Structures are given as C-alpha cells and as structure tokens.
Amino acid sequence: MLFFIGIALPLIVIWRLFRWKKRGFQLKEFLHELGILVFFSVLVGLFSQTILPKAGEVPAYTTGVNLELFRVVEETYNAIIYLGFWQPFYINFLGNIILFMPIGFLLPLLFKKMEFFIFPILVGLGISLFIEIMQLPQSRSSDVDDLWLNTLGAFLGYLCYIFIRKAFPSFTVAFKKSEFIKHKNG
C-alpha cells in the first residue's frame, strides 16, 4: 500500500500545484489542498489493497460471488462462537468499515456540497460497488456484504465529521476552499 501511495503522491502533488498555480496561490487554501492530498492517498491505498492483485498470489479458478445479504454476519458469528476465531470479525467487519470512514469524513470536510449526509454515503457506496465490480475479472471474491459494511463505514466517517464540526467549527471551515469561506461570510 505504501509503495503505491509513494508512487502516486508526487504525481498528485504536481497535479495539485499546477491547478493551484493556475488559480493563483492563496495561503487560505493550503489546508484544503493538504486535505485533497490525504483524500487521494486514501483512495490510492484503498484501491491498492482491494483492486490490484497481490504479488505472489495465485488466482483462484473460480470467482467467489456472495449475493446473500448478511451472510457475513452468520459466518463471522459461527467463527467466533464455535471456533474462537476472531479474524473474520477484524477483517470483514472492522476492516471494511474502517477503510471507508476516511471517505465519509474527508468529503464533507473538504467540499461544502458534500455536507448533506446522503452525498458522502452515496460516494462511499459507489466506490465500494466499483471495487466489487473490478474484483470480478480478477478471480477475487466479491461480496454484497462488503457494500453495506463499506457504506456503513462512510456513514460513520460522516458522523465523525458532524461531531468535529459541532465541537470545532473553525477547524472544519479552515479546510473548505476560500471561495466558500467568502460566500459564507459575505
């Protein structure tokens, strides 16, 4: 993951610097640009772990597609209760939720239009659906439960944003582009 972020980050920085120079440098937008870098780093890291094939991994001959909703709940419960095996809980539940929390947090933090709760959640669902579809031709498992767990993660990230916005309103305003700040104060 860090390898791909290390490759992508300089390219993202160059792209954002060109855009920033074209619009005119404003120090007020520095935190917004920093947030954009973090957001794209999160996406690169997420895609590198979910879409790109792992080095040395032998692909399966069949694609595992689970279309049975909440099957992961039953399988995880059985693994914990009968086998004392917690790994499915950490990977399937916490992993899928935590991976998408930055999306639900960063989108409304960086973009005023994303403050309405349905938008970051729909973006989280869309990214999750994109990942599941991209895994199909790679003979990787695709799971409908990943969709709702990832979307739940985006929702929880959004709730974290709401909490931060209420507790520290000047912090969240600082990450918005300066034109939104002027609009809000004007």
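**Surface patch and salt bridges**

Tutor: F116, F117, F119, L122, L125, L152, F155 and L159 form a nonpolar surface patch with about 690 Å² of accessible area together. Patch residues have over 30% relative accessible area and no salt bridge, nonpolar side chains (Val, Leu, Ile, Met, Phe, Trp, Tyr) being joined within 5 Å and like charges within 9 Å; areas come from the Shrake-Rupley method with a 1.4 Å probe, and for residues only the protein chains shown count as cover. This is a predicted model, in which local features need pLDDT of at least 70 and side-chain atom pairs count only at pLDDT 80 or more, while totals for chains, interfaces and linings use all residues. Residues are numbered from 1 along each chain as its sequence is written, and side-chain values use heavy atoms, without hydrogens and water.

Student: How is a salt bridge read, and with which residue does E33 form one?

Tutor: Side chains of opposite charge can pair when their charged atoms come close. The criterion is a side-chain nitrogen of Lys or Arg within 4 Å of a carboxyl oxygen of Asp or Glu. E33 pairs with R16, the closest N and O atoms being 2.8 Å apart. E33 lies in helix 2 and R16 in helix 1 (residues 2-23), so the pair ties together parts 17 residues apart in sequence.

Student: Is E33 buried or exposed?

Tutor: E33 is buried, at 5% relative accessible area, where buried means under 20%, exposed over 50% and partly exposed in between (1.4 Å probe, protein chains only).

Technical notes:
Helix = DSSP H or I, 4+ residues; strand = E, 2+ residues; numbered from the N terminus.
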